[in-house]
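Here is a briefing on one protein chain, grouped by topic. Look at the structure first, then read the points against it.

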Amino acid sequence: MTEIICLANSRKHNNRCIAGINFNTGEWIRPVTNEEDGHVPTNLTVVSGEPIETLDKIDIPISQEKGNGHESENRLILSGLWTRSGQAKPADLLRFRETNLLHYQQEDWLNAIPYSYLLSLPRHKRRTLQLMQTEDFKCFKTQYGKWKGSIPIGNYDKTLVANITDPEMCKLLDLGHTISSSCLVILSLAQPWQKADSDNEPMCYRLIVGVIELSGYQFCPIADLIEKTDQEIQRIGWSVEQARDYLNRNFQKRSRTLLDFRELRDFLNHLKQLPNSNDDLF
């Protein structure tokens, strides 16, 4: 069993791609299967009935054998149960920060690097994951509905712009959450991609696979809590007006998206105590 702090839990072809850091060694680890793209079945990423979240400490049965793919972090998953042993704090990760952008060897390698370059490196140097801190993180939605983030790369006076593939963070943004500018950002290199009908060589684009807000050193999985309140409201049969009335009277706010983490958690705990009916609502 190897314990990692989960720092990425992205969707991959209706399955998952998990990655994290071994806190004791500082080694990046990406558990993979023998499938061609190494994807992890979604059911493996649910531990004790709860999906794995960013900062969860997870014990995973993995081999020291390198899994499929070119990435040095890949480790083959062995049979056995995954377990959750606790949760890290953002402050715990600060010693793993890097200031230099990984594999940034040429001016035009800011947002993507050639696949051929990665393959030219010894296997142990083909790292594709890193953790960077920024005090000026910004995000925006493209005309195609995708979220992108921008990170100033101070050493080079450049700004990296990359797709955000963290589904929970995208859900937060869709709900109107404003991400703090002070963040830890987990960057990954995607699988090689070549434009159709192009003679250009395949490129590995940089992705933002995780974002951890440093405001108060607390990561707030607000989108997950909102989804759980949806389930509870449906269970007890509340209407939109009833939920809004409760929020007004107890938090002086008309929407769950305006609640902070503690208020949203208190609201969820209240809903869980209510019966499966509209009786005795309050």
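Glu98 is partly exposed, because its relative accessibility is 22%. Its salt-bridge partner is Arg127, with the closest N and O atoms 3.0 Å apart. Arg127 sits in the loop between helix 1 and strand 11 (129–134) and Glu98 in the loop between strand 9 (83–87) and strand 10 (112–114), so the bridge ties together parts 29 residues apart in sequence. Arg127 also counts as partly exposed, at 23% relative accessibility. The model is predicted.

**Other salt bridges**

- The structure holds 12 salt bridges.
- Glu27 pairs with Arg75, and their closest N and O atoms are 2.6 Å apart.
- This pair links distant parts of the chain: Glu27 is in the loop between strand 2 (15–21) and strand 3 (28–32), and Arg75 is in strand 8 (residues 74–77), 48 residues apart.
- Glu27 is partly exposed at 30% relative accessibility, whereas Arg75 is buried at 4%.
- Glu168 bridges to Lys171, with the closest N and O atoms 3.8 Å apart.
- Glu168 and Lys171 are 3 residues apart in helix 2, so about one helical turn separates them.
- Glu168 counts as partly exposed at 31% relative accessibility, and Lys171 counts as partly exposed at 25%.
- Side chains of opposite charge can pair when their charged atoms come close.

**Helix 2**

- What caps the N-terminal end of helix 2? Asp166 does: one of its side-chain oxygens lies 3.0 Å from the backbone nitrogen of Glu168.
- Gly176 follows helix 2 and has a positive phi, near 100°.
- The buried residues of helix 2 are Pro167, Met169, Cys170, Leu172 and Leu173.
- Met169 lies in helix 2. Its relative accessible area is 1%, so Met169 is buried.
- The C-alpha atoms of Met169 and Trp147 are separated by 9.4 Å, and the two residues are 22 apart along the chain.

**Nonpolar cores**

- The largest nonpolar core has 28 residues. Leu101, Phe137, Ile151, Ile164, Leu187 and Ile208 have the most contacts inside this core.
- Six elements each supply at least two residues of this core: helix 1 (115–120), strand 13 (147–153), strand 14 (158–164), helix 2 (167–174), strand 15 (183–189) and strand 16 (203–213).
- A second, separate core has 20 residues, including Ile5, Leu7, Leu94 and Leu129.
- Which residues does Leu187 contact, leaving aside its neighbours within four places in sequence? They are Leu101, Thr128, Leu129, Gln130, Met132, Ile151, Leu160, Leu207 and Ile208.
- In soluble globular proteins, nonpolar side chains tend to be buried together.

**Aromatic pairs and a charge over a ring**

- The structure holds 7 aromatic pairs.
- The ring centres of Trp238 and Tyr246 are 5.8 Å apart and the planes are at 50°, so this pair is tilted.
- Trp238 and Tyr246 are both buried.
- Trp238 also pairs with Phe267: the centres are 6.4 Å apart and the planes are at 35°, so this pair is tilted.
- Trp238 counts as buried at 7% relative accessibility, and Phe267 counts as buried at 0%.
- Ring pairs link Trp238, Tyr246, Phe251 and Phe267 into a cluster.
- The charged end of Arg95 sits over the ring of Phe23, 4.5 Å from the ring centre.

- Most residues other than glycine have a negative phi.
- His103 is not a glycine, yet has a positive phi of about 60°. His103 is in the loop between strand 9 and strand 10.
- Gln252 also has a positive phi, near 55°. Its place is the loop between helix 4 (240–251) and helix 5 (261–272).
- Is His103 buried or exposed? His103 is buried, because its relative accessible area is 9%.
- Gln252 counts as exposed, because its relative accessibility is 59%, above the 50% cut-off.

Definitions and conventions
Residues are numbered from 1 along each chain as its sequence is written. This is a predicted model: local features need pLDDT of at least 70, side-chain atom pairs count only at pLDDT 80 or more; totals for chains, interfaces and linings use all residues. Side-chain values use heavy atoms; hydrogens and water are left out. A nonpolar core is a set of buried Ala, Val, Leu, Ile, Met, Phe, Trp, Tyr and Cys residues joined through side-chain atoms within 4.5 Å. Buried means under 20% relative accessible area, exposed over 50%, partly exposed in between (1.4 Å probe, protein chains only). Helices (H or I, at least four residues) and strands (E, at least two) are DSSP runs, numbered from the N terminus. Contact means heavy atoms within 4.5 Å. A polar contact is a pair of N or O atoms within 3.5 Å; within protein, one must be able to donate a hydrogen and the other to accept it, and residues adjacent in sequence count only if both atoms are side-chain atoms. A salt bridge is a side-chain nitrogen of Lys or Arg within 4 Å of a carboxyl oxygen of Asp or Glu. Rings of Phe, Tyr and Trp (its six-membered ring) pair if their centres lie within 6.5 Å; planes under 30 degrees apart count as stacked, over 60 as edge-to-face and the rest as tilted. A charge sits over a ring if NZ of Lys or CZ of Arg is within 6 Å of the ring centre and within 35 degrees of the ring normal.
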